[in-house]
Amino acid sequence: MEELLNREIYGSQGAQQIEAMGALAVSIANRWQQGWPERVKSLIEARIYLVNLDAQIERELEARAGAVDLQSLTQEPPIWQLTKQSNVTFLDDNAIWPLPLFVTYQGSRTEEQMVIETTLRRHQAAFTW
């Protein structure tokens with residue numbers, strides 16, 4: 001497994017979590033850090049880096065499973081940044097946010113919806129540092 005570059009930007013706990021996610025996570029983290037360090041910093045500060053790293057891992061694993069066209073994979077991290085236009089601040093982002101603690105459903109939830117929600121919350125609970 002390649003070594004995680006610039007470990008200090010993630011903090012010791014964050015770096016350990018990335019490494020625990022495996023070789024693909026380290027590879028993506030290194031690629032993002034080398035190409036888009038400001039985006040990485042922004043995602044870390046917003047505390048949504050790990051959930052977006054996990055989403056990228058899933059996309060790459062799915063693409064590898066299909067292995068038809070790996071060029072369709074995004075190579076860059078998602079955007080999370082504030083911009084000002086005419087003294088108004090806007091959030092420019094395409095980053096994934098963890099599932100909020102409150103989610104409303106129209107009507108009763110199905111058994112499948114409850115299982116999916118529980119699974120997502122357990123998975124996302126690991127993304128704290």
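1. R47 counts as exposed, with a relative accessibility of 54%; the cut-off for exposed is over 50%. In this predicted model, R47 sits in the loop between α3 and α4, just after α3. Its phi is near 65 degrees, a positive value in a residue other than glycine. Most residues other than glycine have a negative phi, so the backbone at this position deserves a look.

2. N6 also has a positive phi, near 50 degrees, and N6 is not a glycine. N6 lies in the segment before α1 (11-20). At 37% relative accessibility, N6 counts as partly exposed, because that value falls between the limits of 20% for buried and 50% for exposed.

3. Helix α3 covers residues 37-45. Which residues of helix α3 are buried? They are R39, V40, S42, L43 and I44. The list holds R39 and S42 as well as V40, L43 and I44.

4. P78 belongs to the loop between α4 and β1 (80-85). With a relative accessible area of 9%, P78 is buried, because the limit for buried is under 20%.

5. Two packed helices are described by the angle between their axes and the distance between the axes. For helix α2 (residues 23-35) and helix α4 (residues 49-66), the axes come within 10 Å and cross at roughly 115 degrees. That angle makes α2 roughly perpendicular to α4. The crossing of these two helices, α2 and α4, is right-handed.

6. Which residues of α2 and α4 meet? From α2 come L24, A25, I28, A29, R31 and W32. From α4 come Y49, N52, L53, Q56, I57, E60, L61 and R64. Sorted by class, the contact of α2 with α4 has 9 nonpolar, 2 polar and 3 charged residues.

7. As for the whole protein, the secondary structure comes to 5 helices and 2 strands. Along the sequence, these elements follow the pattern α-α-α-α-β-β-α.

8. Of the 129 residues in the protein, 32% are buried. The accessible surface comes to about 8,500 Å², and carbon and sulfur atoms hold 53% of that surface. Among contacts between residues at least 6 apart in sequence, 59% join residues at least 24 apart.

Notes:
Residues numbered from 1 in each chain as written. Predicted model: local features only at pLDDT ≥ 70, side-chain atom pairs only at ≥ 80, totals over all residues. Heavy atoms only, no water. Axes fitted to C-alpha atoms, helices over the stretch in contact; angles between N-to-C directions. Helix = DSSP H or I, 4+ residues; strand = E, 2+ residues; numbered from the N terminus. Parallel < 35°, antiparallel > 145°, perpendicular 65-115°, else oblique. Left-handed = near helix turned anticlockwise from the far one by under 90°. Contact = heavy atoms within 4.5 Å. Nonpolar A, V, L, I, M, F, W, Y, C, P; charged D, E, K, R; others polar. Buried < 20%, exposed > 50% of the residue type's maximum accessible area, 1.4 Å probe, protein only. Areas by Shrake-Rupley, 256 points an atom, 1.4 Å probe, with all protein chains shown as cover.
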